[in-house]
Amino acid sequence: MLGWMRWFDALIPAYTIERLFWESRTITIQEVVYLEMLYAVLVVLLEVPTGVLADRFERRRLMQIGVGLECLSFIVLLLSFSFVGFAVAIALSGIGAAFRSGAENALLYETLEQDGKAGTFERTIGRLNVIGIVAAVLAAISGSLLATRFPFELNYVLSIVSLFIATACSFGLVEPRRVVSDERLTWADIGSGFRFIRQHRRVFIVTSLFVVTISAFNFIDEFWQLYARDVELPIYWFGTMSTILLLIQIPGQLVAPMLLRFATAECWLRWIGWGIGVGFVVLGLYPGPIGLVIMVGMACLIGIVEPLYLGVLHHRVPSGIRATTESSVSMLLHGGIILFGLLFAAGAGMTLFAAFLFIGIIVCLHQAIVTVIARREDAS
């Protein structure tokens, strides 16, 4: 049932024409920035408290609320013609994302653990991610075709239908057996995830690697179109490039568990971090069509990261703070994106290529520091 939920949750043709639709409803670029900031602030503020709720109560209930709010946000978008309406929709989406953060993977891990299959977690999460990627690719292709022949509103109607089905699927989820508590939330509960990460040095190291690597790659997702335009890639190739960047992540999602036979997750994450950092440096120093090939290679590497990291985290974190800890990581991830965003904005004031170079330098510096710390840990 979780697979069907992931499929319909990602089958959103509206994303293909999102900015065009917003523009048709008089939303300016500056207002888009404000709305993205609203989303980020809500997620950061609510990530950890909702993670605590997921650990205190049934995780499937928070998932049901989260996907339901996402569906409602699309309904509000379809009916909105002003900034206020769009702000309400984005707020609903941000709150929904916070409710789901941590709950889904915690429910998955404990379901597998209950069935004696906890060792298959990395493989299972990779397969679920592949389901989402394939659905997103189909949505992008179909959405672009529909947008050329029908009003943009049709894409949103179909997206609402898909999210409604995802919401219906969420009601078929079964909560694994575990001890739940009805105690009141305390500030100590809210900080438990951060304390767990800080107190376990190896978890702290891999969390640092995960946050920096994923935060950096976010700027490939967001700005590869501008890079492609600046290196004079014909616009009719953009759809193909977008599809390749998604599909190339599938092998990484599937082979991640196999890599653990040869080296630890920490070792792989360090090498992948170096690959992402050097990739950004090359993009900044040697801009050109070859940079698009490098982006594809970086996307292939990034597909390996999430299954490896989540496996390390969930195999170690106690059940009572499982969702809380993952929500803490998600909060750190969004904070990393904000910090990289400030750095990217400073570089973009010169050129887009300089912005990529700045990110690459910071990622490489981080990898060097982590490598030194890890070697000292091994020596002691």
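Predicted model: local features only at pLDDT ≥ 70, side-chain atom pairs only at ≥ 80, totals over all residues.
1. Leaving out residues up to four places away in sequence, Met295 touches Ile220, Trp224, Tyr227, Met241, Leu245, Leu283 and Phe356.

2. Met295 also belongs to the largest nonpolar core, a set of 69 residues. Together with Ile220, Tyr227, Phe280 and Phe356, Met295 touches the most other members of that core. Helix 11 (residues 201-230) supplies the largest share, 14 residues.

3. Ser328 deserves a separate point. Ser328 is located in helix 16 (residues 322-348). Is Ser328 buried or exposed? Ser328 counts as buried, because its relative accessibility is 0% and the cut-off for buried is under 20%. Neighbours within four places in sequence aside, Ser328 is in contact with Val48, Gly193 and Phe194.

4. Next, confidence. The protein has an average pLDDT of 82. A score of at least 70 is reached by 92% of the residues. Which elements mark the two ends of the range of mean pLDDT? Helix 14 (residues 265-285) has the highest value, 92. Helix 9 (residues 187-190) has the lowest, 56.

5. One stretch calls for care. Over residues 179-185, pLDDT stays under 50. The model still has nine contacts for this stretch beyond four places in sequence.

Methods. Residues numbered from 1 in each chain as written. Heavy atoms only, no water. Helix = DSSP H or I, 4+ residues; strand = E, 2+ residues; numbered from the N terminus. Buried < 20%, exposed > 50% of the residue type's maximum accessible area, 1.4 Å probe, protein only. Contact = heavy atoms within 4.5 Å. Core = buried A, V, L, I, M, F, W, Y, C linked by side-chain atoms within 4.5 Å. pLDDT = per-residue confidence, 0-100.
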